[in-house]
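Subject: Structure handed over, with notes on pockets and helix packing

Dear colleague,

I am passing on the structure below, together with some notes on what was found in it. Please read them alongside the coordinates.

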Amino acid sequence: MPIVPVVIPEGKDPATFDLGGEAYDGPGRIANSDFLNGLTIEEAKAEVARRMEEIGKGERKIMYRLRDWGISRQRYWGCPIPIIHCDACGIVPVPEDQLPVRLPEDVTFDVPGNPLDRHPTWKHVNCPSCGKPARRETDTMDTFVDSSWYYARFCAPRADKPVDLEAAKYWLPVDQYIGGIEHAILHLLYSRFFARAMLETGHLHLKEPFEGLFTQGMVTHETYKIGNRWLLPSEVRIEGEGDKRRAYEIATGQPVEIGSIEKMSKSKKNLVDPDDIISTYGADCARWFMLSDSPPERDVIWTEAGVSGASRFMQRVWRLIHELLPKAAPKGSPKPAEFCSEALALRRAAHKTLYRVGQNIENLRFNVAVAQIYEFTSTLQSALGHSGPGMDWAIREAAEFLVQMFGPMMPHLAEECWERLGYNTLLADQPWPAVEEVLLVDDTITIAVQVNGKRRDELTIARDASQAEIEAAALKLESVIRALDGRPVKKVIVVPQRIVNVVA
């Protein structure tokens, strides 16, 4: 049978559009559909709904792809379900004055199955209604039940009722929700469902518990295999680089197949033990590498070379702090009245970096902030070769800014550096430094210079230079003189702070 297209891509003729044997599922307009012809897909849906409502054959309704959630688990870990089973009364709720039901602490896990079901005393209780012997419910709740409304409990964790509504009104909604991709599917859905339910029961005042969602990436690693046997990275020795890179099992010396880079999983053993990382490099190094490797919403590929690079930067910073101390002003020195050009350039770089790093941390662009700290470290290192009025004070300020900027990411190193700079207080207790707005604006600007519309050079000039000064400076450039080749200048067009065009 012929395939009749009912959605036609924009710009295509319904009379000649050929599906080519495959269904078209992209955007477009309706065709071959009577009164819907020419409408977009969304417009067609609305028109069908309108006509059905008009003739009384249906009404619009939003359908959610929700399924029943079975919350009972046959395990010890989890909240007990507060139900008692009585042969005479049936299912009886635990009375409120007997809540919460507490789990027994003398359970055993020596045999499979639910240890609560095997407990000799905990599950046996009298029925609250008739007083006859009865049995507690031994299933516990899925732990998602707890984590689906914790944001409300955290507002007043010691309240004698589940939610303190006034505290919830003060603290909620949560400003920023951060989680892995699995949270977007499960935890986020459950939490929003609970918020709606708690709104109906009067426990909450809002439908949406979170204002912002940020989904972070996974940590990934190469996989290693011999036949059908997976190997841990710690069991593998890597030799060579690039195309000559080879892997061998440490224990046997057998060649190992280097597989694809995948999210870390127990089944494929491509795991790196955090304890091994911390014992070798330290927690700061692990954090710095993970934040610097890629944007936080993307996966991080864990590599030994990447961690080693982070470790080298940490050592470089530690050496730099020691190296600059003799050239830096004493702690608490008053700000000098005059700065040489090199000192002023360092101060501008320090304040600009401080501002950008602060902005990028706020916006969760940690890898960009790290890159800016790398760049500023080099700037500070280079500045140590200069001297002049105010240079020592500028070095002290820049050093303190550097430590404060990487402090949130490498707190242990930062605290050591802060002490080395002469402070006996915790860096973690210090406020983020204030930026001097005037230092964020350059005194000079760089603008493009054209001759008859063709770019010939760039001109660096004072930001407040007059049009006459800009024209004169542009006409003195060697590249402009060569391009004019002796021809008279008809006019010079200056677009302030952007471009100069010399017309001959």
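The largest pocket has a volume of about 810 Å³, where a pocket is an open set of points on a 1 Å grid over the protein atoms alone, where a 1.4 Å probe fits, with protein on both sides within 12 Å along at least five of seven lines, and a volume is the space filled by probe spheres set on the points, which are joined across faces, edges and corners. It is lined by 22 residues, and Cys-79, Leu-99, Pro-100, Asp-146 and Trp-149 are the closest to its centre; a lining residue has an atom within 4 Å of a point. By class, this lining comprises 15 nonpolar, one polar and six charged residues, with Ala, Val, Leu, Ile, Met, Phe, Trp, Tyr, Cys and Pro counted as nonpolar, Asp, Glu, Lys and Arg as charged, and the others, Gly among them, as polar.

Please bear in mind that this is a predicted model, in which local features need pLDDT of at least 70 and side-chain atom pairs count only at pLDDT 80 or more, while totals for chains, interfaces and linings use all residues. Residues are numbered from 1 along each chain as its sequence is written, and side-chain values use heavy atoms, with hydrogens and water left out.

The second largest pocket, with a volume of about 700 Å³, has 26 lining residues, and those nearest its centre are His-221, Pro-233, Val-272, Trp-302 and Glu-304. Strands S11 (219-226) and S13 (236-239) and helices H8 (274-280) and H10 (304-324) each contribute at least two residues to this lining; helices (H or I, at least four residues) and strands (E, at least two) are DSSP runs numbered from the N terminus. The lining divides into 14 nonpolar, six polar and six charged residues.

Turning to helix packing, the axes of H11 (residues 341-362) and H12 (residues 366-383) come within 9 Å and cross at roughly 165°, the axes being lines fitted to C-alpha atoms over the stretch in contact (heavy atoms within 4.5 Å), with angles from 0 to 180 degrees between N-to-C directions. H11 is therefore roughly antiparallel to H12, a term for angles over 145 degrees. Among the residues that make this contact are Leu-346 and Ala-349 of H11 and Phe-366 and Val-368 of H12, and the contact comprises twelve nonpolar, four polar and one charged residue.

The axes of H10 and H12 come within 11 Å and cross at roughly 35°. Their contact includes Phe-313 of H10 and Tyr-374 of H12.

Best regards

Note on methods. Parallel < 35°, antiparallel > 145°, perpendicular 65-115°, else oblique.
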